[in-house]
Amino acid sequence: MRTALITGSAGFIGSFVCERLLRDGYRVIGLDAMTDYYEVSLKQRRLERLLQSEHFRAIEDYVETPGLLMELFASEKPDVVVHLAAQAGVRYSIENPRSYLQSNIVGTFELLEAARAHPPKHMLLASTSSAFGANTKMPYREIDKADHQMSFYAATKKATENMAHSYAHLFGLPVTMFRFFTVYGPWGRPDMALFKFTKAILEGRPIDVYNYGDMKRDFTYIEDLVQAIRLLIDVPPVRLGEDETVPAGDSLSPVAPWRVVNIGNSNAVQLAQFIDAIEAATGRKAERNLMPMQAGDVPATWADAQLLKTLTGYEPKTDVGNGVAKFVDWYREYYSV
Ligand SMILES: NC(=O)c1ccc[n+]([C@@H]2O[C@H](COP(=O)([O-])OP(=O)(O)OC[C@H]3O[C@@H](n4cnc5c(N)ncnc54)[C@H](O)[C@@H]3O)[C@@H](O)[C@H]2O)c1
């Protein structure tokens, strides 16, 4: 039986990845600190579902705890590591940057050190579309330069890409960095727009719509994202031979078994259209409070997902109408509204 270590296993994306790997016959070790950045009860409920499998082992601790991952890698020898634990959120990184430094930078360092000592066959780490920062060339391609992050959150994530590249180069660790584009769906995050908007609309409160609604996001439905992750697990990057060159359009490093892959829907949707989908799913009109752009945010994200397709044959395709409806169904049931 193959063993997978998933960090951030009680998180939104992590819980789905664990569930999928358990279904596919993996033994799964889930590490999560159950931080109180948002309601811990939601993390507990996600975890309870995973604990129904006898092949799931949960560990509650911080990734940055010195020695913890080293011991875990030594005892469990994971074949695959999917690193999703992080302090997420663009806006909170203005308020509390230190938690990003700890969880994202120090935590990823501890993970890389453990992998150096006990190398898995493939490590896959979550970065973000925010790494593209101030880029205005759309859609975003992995091979475009991405040097101008707009928030400390994005800066820490971009730093983890570079940290992992150096370990991939020096120690031959196969590393895939994901750049996720606004992931949404059932069991989603309470700090994200879809959750906040749905809650406010169902409670009859106005919603804050930033940049006066002139925002675009490439919204990625959770099940599409998990399918992409699942397929990428089986495509570890390989170090190029001396006479080989990087294929056109591939972000593969010329000096390391390392690449970065966008996971997005290849479709930039206007925020107004996204809110229309929530109105349709809830059957209620939103009262829109038009606000200026928030610090640290970018007006648009749009993924070029060709590399994902080339590597796996897969293209995410759930549209916001269907995806939002599934979220709203879940929300109504979960909160009994
Ligand atoms: N959801 C998105 O749209 C999105 C977009 C881009 C990138 N990402 C990245 O994907 C990953 C998963 O995101 P998510 O949406 O599931 O977020 P999430 O907050 O739901 O999940 C992260 C989990 O990590 C745990 N955690 C936080 N700090 C930790 C630490 N120091 N040690 C151990 N556990 C810790 C939290 O308790 C949480 O359960 C994150 O790395 C995030 O930055 C998410």
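**View 1. Secondary-structure elements around the ligand.** In this predicted model, the shell around the ligand draws at least two residues from each of α1 (12–23), β5 (122–128) and α6 (152–171). The element that gives the most to this shell is β5, with three residues. The ligand is surrounded by 30 residues, of which D32, Y38, E64, Y153 and K157 are the closest. Sorted by class, the shell around the ligand is made up of 17 nonpolar, seven polar and six charged residues.

View 2. For V183, a backbone N or O atom is 2.8 Å from an oxygen atom of the ligand. The protein buries 98% of the 810 Å² that the ligand exposes when taken alone.

**View 3. Helix α9 and the elements that cover it.** Helix α9 comprises twelve residues, 271–282, and should span 16 Å at 1.5 Å a residue, which agrees with the 17 Å between its end C-alpha atoms. Its buried residues are L271, F274, I275, A277, I278, E279 and T282. An α-helix has 3.6 residues a turn, so residues three or four places apart point the same way. The cover over the buried residues of α9 includes α7 (193–202), β8 (207–209), β12 (269–270), β13 (288–290) and α11 (320–334). Just after α9, the residue G283 adopts a positive phi of about 75°.

View 4. T198 is found in helix α7 and is buried, with a relative accessible area of 0%. When its neighbours within four places in sequence are left aside, the residues in contact with T198 are I278, T282, F327, V328 and Y331. Of these contacts of T198, I278 and T282 are also among the buried residues of α9.

**View 5. P237 in the loop between α8 and β11.** P237 has its place in the loop between α8 (222–233) and β11 (258–263), and it is buried, with a relative accessible area of 3%. Along the chain P237 and S253 are 16 residues apart, and their C-alpha atoms are separated by 9.0 Å. With neighbours within four places in sequence left aside, P237 is in contact with H122, P174, V175, T176, L252, P257, W258 and R259.

Definitions and conventions: Residues are numbered from 1 along each chain as its sequence is written. This is a predicted model: local features need pLDDT of at least 70, side-chain atom pairs count only at pLDDT 80 or more; totals for chains, interfaces and linings use all residues. Side-chain values use heavy atoms; hydrogens and water are left out. A residue is near a molecule or strand if one of its heavy atoms lies within 4 Å of it. A polar contact is a pair of N or O atoms within 3.5 Å; within protein, one must be able to donate a hydrogen and the other to accept it, and residues adjacent in sequence count only if both atoms are side-chain atoms. Accessible areas come from the Shrake-Rupley method with a 1.4 Å probe; for residues, only the protein chains shown count as cover. Helices (H or I, at least four residues) and strands (E, at least two) are DSSP runs, numbered from the N terminus. Ala, Val, Leu, Ile, Met, Phe, Trp, Tyr, Cys and Pro count as nonpolar, Asp, Glu, Lys and Arg as charged, and the others, Gly among them, as polar. The expected span of a helix is 1.5 Å times one less than its number of residues. Buried means under 20% relative accessible area, exposed over 50%, partly exposed in between (1.4 Å probe, protein chains only). Contact means heavy atoms within 4.5 Å.
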